[in-house]
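Biologist: Got the file open here. Can you walk me through what the atoms say?

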Amino acid sequence: MNRSDFTILDNLIYFDNSATTLKPKCVVDKISDYYTNYPSNIHRGEYNISFKADDEYNKARESIASFLGARNDEIVFTSGTTDSLNIIINGYFKNILNKGDEVIITKAEHASLILPWFNLVNELGIVIKYIKLDDNNHVTIDNLMDVITDNTKVISIAQITNVIGDIRPIKEITKIAHERGIKVLVDGAQSVPHMKVDVKDLDVDFLAFSGHKICGPTGIGVLYGKKELLDELKPQRLGGGMNASFDSPECIILKDNPIRLEAGTPNIAGAIGLGEAIRYVNSIGMDNIYKHECELKDYFINKIKDIDYIKLLNNENDSGIISFTIDGIFPQDVGYYLNKYNICVRTGNHCDKILKDEIGIDQSIRVSLYFYNTKEEIDTLVDLLSDKERIMKEMLI
Amino acid sequence: MDDNTKREILFDNYTNPYNKIDEELDGYLKVNSNNESCIDNIDIYLLIEDKTIKDIKFKGEACAISTASTSIMIKNMIGMSVEDGIKYVNNFINMINEEPYDDTNFDEALVFDETYKQASRKTCATLPYRGIIKLLEDNK
Ligand SMILES: Cc1ncc(COP(=O)(O)O)c(C=O)c1O
């Protein structure tokens, strides 16, 4: 779909969409338009181009809010998922958690979710509990119930993880959590770009995602929080833009959210570019994107499942992420081999260093799809993977 | 050297690496070398007597190019004086970085004479060299 918006696809097969996505022309043009025609700061000037910048910045926020089913004042611009997660964990949870409180995660989470929590184990003495993954490495409600105790305060997981790619039952999880006074923080880095995510329907307390994984620019991301929770989130950065007035340490008055959490000159071009990206994917339709990826994934899995030296890590998942290994060949060498044919795949442990405890494999080759991928591209990939001797030969030089 | 010869040498050293061990080794100097952006991770064990490299072994997992490069490095360096070892390492790194180098004693290491053209393979080929140079510098 929409391949003509990506000229780079003329001679590239791009299968690394979980790492970052390609940028359509309209997003690049939108950013260029800002820098060329109204490169002004926001919140400040009384002149036209400053109004224009303000207006576009606000429109971007509105597009994102309506995309997620949130209110405008629940959408905070950050530099990305990592930034959002750190702000939520250190600005909100650090202030309400105490020694012995339990936080539930899984071993399949990304470093950007695991490490801020590990840090609170060291700083506050909170306790981390892991949901046991089932035979397909999925999260099940039964296994979640096994680790919930009276001390559980937070469930903090991705809606879709970057290696296994299962869609977690977030709506059911928030229901169970809220009945017990537990808060739910969702890493939406891999879900928001690929499926319809409605924060009110899911009833999540906090959600984070990155612009660059949804056709937007790098350096911009979103923190969503329910209004009443965001109001309790302590700003991690203080400075211009976010204060209403101050004259002494005793008297600092901050503005309302979301501006309160966006100190300093924000990434204006990034936010405007992300707004355009969101309008772009929305015009394709999130349900269409999701359906297309699932079709391609099934097509790919059907073609490789009978190749005996290929081991799939996640044939049961329901997203466009396929991770596998090839017997006796180091994943990186496969990556190098495919690169010769202008095919981009991810190899390695994908920022998840404790998952190997669970699945016994610490590295893999990952193909992650998006709407612009095609069956023909998958045919090319499968052709190259179906001759092991050729891989062994060509991976060397 | 033509590509087929290179391929054979790489393949042999990758599938049958010289002095690769599975267990920890006592009585040797040890250094870890890894590539941050990937999973290459090896321990190099070095035995020096009378300013001479008596033995080198390695342990760990790495890609085909890193493994082959380590195997070839070990074959070449055993028996060298520490001083010659340092020169050899520097010459190898110069070759990878497309700078002037002296290929005396290079033998199989010449399979890497065009690696500078492959950005992603440069860190693989130099993996063991970046580790061993630290031990040699500390013990010269
Ligand atoms: C599941 C998941 N969470 C978080 C992140 C971190 O995103 P970023 O690097 O954009 O902050 C990623 C990116 O790879 C991811 O896949």
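This is a predicted model: local features need pLDDT of at least 70, side-chain atom pairs count only at pLDDT 80 or more; totals for chains, interfaces and linings use all residues.

Biologist: Where does A:Asn2 sit?
Modeller: In the segment before β1 (13–14) of chain A.

Biologist: And what is its phi?
Modeller: Phi of A:Asn2 is positive, about 55 degrees, although the residue is not a glycine.

Biologist: What about phi of A:Asn137?
Modeller: Also a positive value in a residue other than glycine, near 65 degrees. A:Asn137 is in the loop between β4 (127–130) and α5 (141–147) of chain A.

Biologist: Is A:Asn137 buried or exposed?
Modeller: Buried. Its relative accessible area is 11%, and buried means under 20%.

Biologist: Switching to peptide bonds. Is the one from A:Asn257 to A:Pro258 cis or trans?
Modeller: Cis, with omega near 5 degrees. A:Pro258 belongs to the loop between β10 (251–254) and α9 (268–284) of chain A.

Biologist: Now A:Thr374. Which loop is that in?
Modeller: The one between β15 (364–368) and α13 (375–385) of chain A. A:Thr374 has a relative accessible area of 14%, so it is buried.

Biologist: What is A:Thr374 in contact with, neighbours in sequence aside?
Modeller: Leaving out residues within four places in sequence, A:Arg3 and A:Leu296.

Biologist: How far apart are the C-alpha atoms of A:Thr374 and A:Asn136?
Modeller: They are separated by 26 Å. Along the chain, the two residues are 238 residues apart.

Biologist: Helix packing next. At what angle do α3 and α4 of chain A pack?
Modeller: About 25 degrees, with the axes 9 Å apart. Here α3(A) covers residues 81–96 and α4(A) covers 111–124. An angle under 35 degrees counts as roughly parallel, so α3(A) and α4(A) are roughly parallel to each other. Their crossing is right-handed.

Biologist: Which residues meet there?
Modeller: From α3(A), A:Thr82, A:Leu85, A:Asn86, A:Ile89, A:Asn90, A:Phe93 and A:Lys94. From α4(A), A:Ser112, A:Leu113, A:Pro116, A:Trp117, A:Leu120, A:Glu123 and A:Leu124. By class, the contact has eight nonpolar, four polar and two charged residues.

Biologist: Over to chain B. At what angle do α3 and α4 pack there?
Modeller: About 155 degrees, with the axes 10 Å apart. In chain B, α3 is residues 82–96 and α4 is residues 119–138. Over 145 degrees counts as roughly antiparallel, so α3(B) and α4(B) are roughly antiparallel to each other. The crossing of α3(B) past α4(B) is left-handed.

Biologist: Who makes that contact?
Modeller: Residues of α3(B) including B:Val82, B:Ile86, B:Phe92 and B:Ile96 meet residues of α4(B) including B:Lys122, B:Tyr129, B:Ile133 and B:Glu137. The class count for this contact is twelve nonpolar, three polar and two charged residues.

Biologist: And how do α2(B) and α3(B) cross?
Modeller: At roughly 145 degrees, and their axes come within 11 Å. Helix α2(B) spans residues 64–77. The crossing is right-handed. B:Ser69, B:Met73, B:Asn76 and B:Met77 of α2(B) make the contact with B:Gly85, B:Tyr88, B:Val89 and B:Phe92 of α3(B). There are five nonpolar, three polar and no charged residues in it.

Biologist: How many residues are in the largest nonpolar core?
Modeller: It has 72 residues. Those with the most contacts inside it are A:Ile326, B:Met77, B:Tyr88, B:Phe92 and B:Phe112. The largest share, eight residues, comes from α4(B). Apart from it lies another core, of 69 residues, with A:Ala70, A:Ile176, A:Val197 and A:Cys215 among them.

Biologist: Last one, B:Lys140. Buried or exposed?
Modeller: Exposed, at 60% relative accessibility. B:Lys140 lies in the segment after α4 of chain B. Not counting residues up to four places away in sequence, B:Lys140 touches B:Lys51, B:Val82 and B:Ile86.

Biologist: And where is B:Val111 relative to B:Lys140?
Modeller: The two are 29 residues apart along the chain, and their C-alpha atoms are separated by 28 Å.

Notes. Residues are numbered from 1 along each chain as its sequence is written. Chains are lettered from A and ligands numbered from 1 in the order in which they are written. Side-chain values use heavy atoms; hydrogens and water are left out. Axes are lines fitted to C-alpha atoms, for helices over the stretch in contact, and angles run from 0 to 180 degrees between N-to-C directions. Helices (H or I, at least four residues) and strands (E, at least two) are DSSP runs, numbered from the N terminus. Angles under 35 degrees count as roughly parallel, over 145 as roughly antiparallel, 65 to 115 as roughly perpendicular and the rest as oblique. A crossing is left-handed if the near helix is turned anticlockwise from the far one by less than a right angle, and right-handed if clockwise. Contact means heavy atoms within 4.5 Å. Ala, Val, Leu, Ile, Met, Phe, Trp, Tyr, Cys and Pro count as nonpolar, Asp, Glu, Lys and Arg as charged, and the others, Gly among them, as polar. Buried means under 20% relative accessible area, exposed over 50%, partly exposed in between (1.4 Å probe, protein chains only). A nonpolar core is a set of buried Ala, Val, Leu, Ile, Met, Phe, Trp, Tyr and Cys residues joined through side-chain atoms within 4.5 Å.
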